[in-house]
Amino acid sequence: MRGTAAAFLFLAVALVSGWGRTTRALDAKGGSLPPLGRRCGTDAAGVKAKVGWFRATDGILLDGVSLGDGKTGIALAHESPADLCGWLPYAKVLGAAGFRVLAFDHRHFGLSQSPIAADKCGRFSKDLAGAVAELEHEGAKKVFLMGASFGGITSMLAGSRLGSKVAGVISVSGENQVANRCGPAAELDAVDAVPRLRAPFLILGSREDGFLLPSDARALLRRAGSPHKRLVLFPGGDHGWDILEHAPYRARANMTVQAFLKNYEWVFD
């Protein structure tokens, strides 16, 4: 009886928390994590999600937030200096639209591990490879990479390396390249990476952005190896996730993103 009662209690807790018996989300072993509301404040308003741990492909422990239950997954890579909290308002939008979403902290950011070993420090593409594996583990049949600013760079990099494992890449103000404080410079060099990117590719930016200049965005588009690629520049100087969360044209930007996702869900079937 005690075993039966314990099993019933576990099932009840699982159902109340929003993750069902057939989905094992963020179940890597790690320390306790704070509730989203305490950690992220108003960014977490209305977000119903599972908080937990998963691993990069080299074993580094990463913290993440999983929401939605669609068959198409989206891995959201954050800006710098920032963490996954900044993606939560838009993650809620994507989840409500029927997508399965994983927002996570890259290594050296947020609550994720910060390795110092030379073969692990600054290896950000392995984090996104782990995010793809986690979304598949949770039930996604195909996965898009989407990043803002710094996360746009890591998404372009990882997309160029993961090949057909990703259905597409969306870079929101991802710069051409930035310095890597540890690890290879190539880990944050989108200019060098994008010629090997074959998946559908969308760049969002703004015409007065001082970090991703329109000329730099056009150069990335020209160099990208994907046969399906598009650049959309909006007015003003909004940068990164502000384009989708705060800009006056955010509804149009969201429509652009969702149209891209739905148009290329069939790729690599």
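1. Let me start with R222, which sits in helix α7, residues 214–223. Helices here are DSSP runs of H or I with at least four residues, strands are runs of E with at least two, and both are numbered from the N terminus. R222 is exposed, at 62% relative accessible area; the classes are buried for under 20%, exposed for over 50% and partly exposed in between, with a 1.4 Å probe and protein chains only.

2. A word on the basis of these notes: this is a predicted model, in which local features need pLDDT of at least 70 and side-chain atom pairs count only at pLDDT 80 or more, while totals for chains, interfaces and linings use all residues. Residues are numbered from 1 along each chain as its sequence is written, and side-chain values use heavy atoms, with hydrogens and water left out.

3. R222 also belongs to a positive surface patch, together with R207, R218 and R252. Patch members have over 30% relative accessible area and no salt bridge; like charges are joined within 9 Å, and nonpolar side chains (Val, Leu, Ile, Met, Phe, Trp, Tyr) within 5 Å. The areas come from the Shrake-Rupley method with a 1.4 Å probe, and for residues only the protein chains shown count as cover. Lys and Arg count as positive and Asp and Glu as negative, leaving out His and the chain ends; each charge is placed at NZ of Lys, CZ of Arg, CG of Asp or CD of Glu.

4. Next, the salt bridges, of which the whole structure holds 8. The criterion is a side-chain nitrogen of Lys or Arg within 4 Å of a carboxyl oxygen of Asp or Glu. One of them joins R39 to D63, with 2.7 Å between the closest N and O atoms. This pair links distant parts of the chain, as R39 is in helix α2 (36–40) and D63 in strand β2 (61–67), 24 residues apart. R39 is partly exposed at 22%, whereas D63 is buried at 1%.

5. R39 has another partner worth a look: D83, at 3.3 Å between the closest N and O atoms. Here the separation is 44 residues, with D83 in the loop between β3 and α3. R39, D63, D83 and D105 are linked in a network of salt bridges.

6. D58 and R107 form a salt bridge too, at 2.8 Å from N to O. D58 lies in the loop between β1 (50–55) and β2, R107 in the loop between β4 (100–104) and α4 (124–138), and 49 residues separate them. Both residues are buried.

7. The peptide bond from S80 to P81 is cis, with omega near -5°, and P81 is in the loop between β3 (72–77) and α3 (88–96). S149 has a positive phi near 55°; this buried residue (5%) is in the loop between β5 (142–148) and α5 (150–162). S173 has a positive phi near 65°, is buried at 0%, and is found between β6 (168–172) and α6 (190–193).

8. Finally, α5 has 13 residues and spans 18 Å from first to last C-alpha, close to the 18 Å expected, which is 1.5 Å times one less than the number of residues. The helix is mostly covered, with 12 of its 13 residues buried, among them F150, M156 and L162. G163 follows α5 with a positive phi near 55°.
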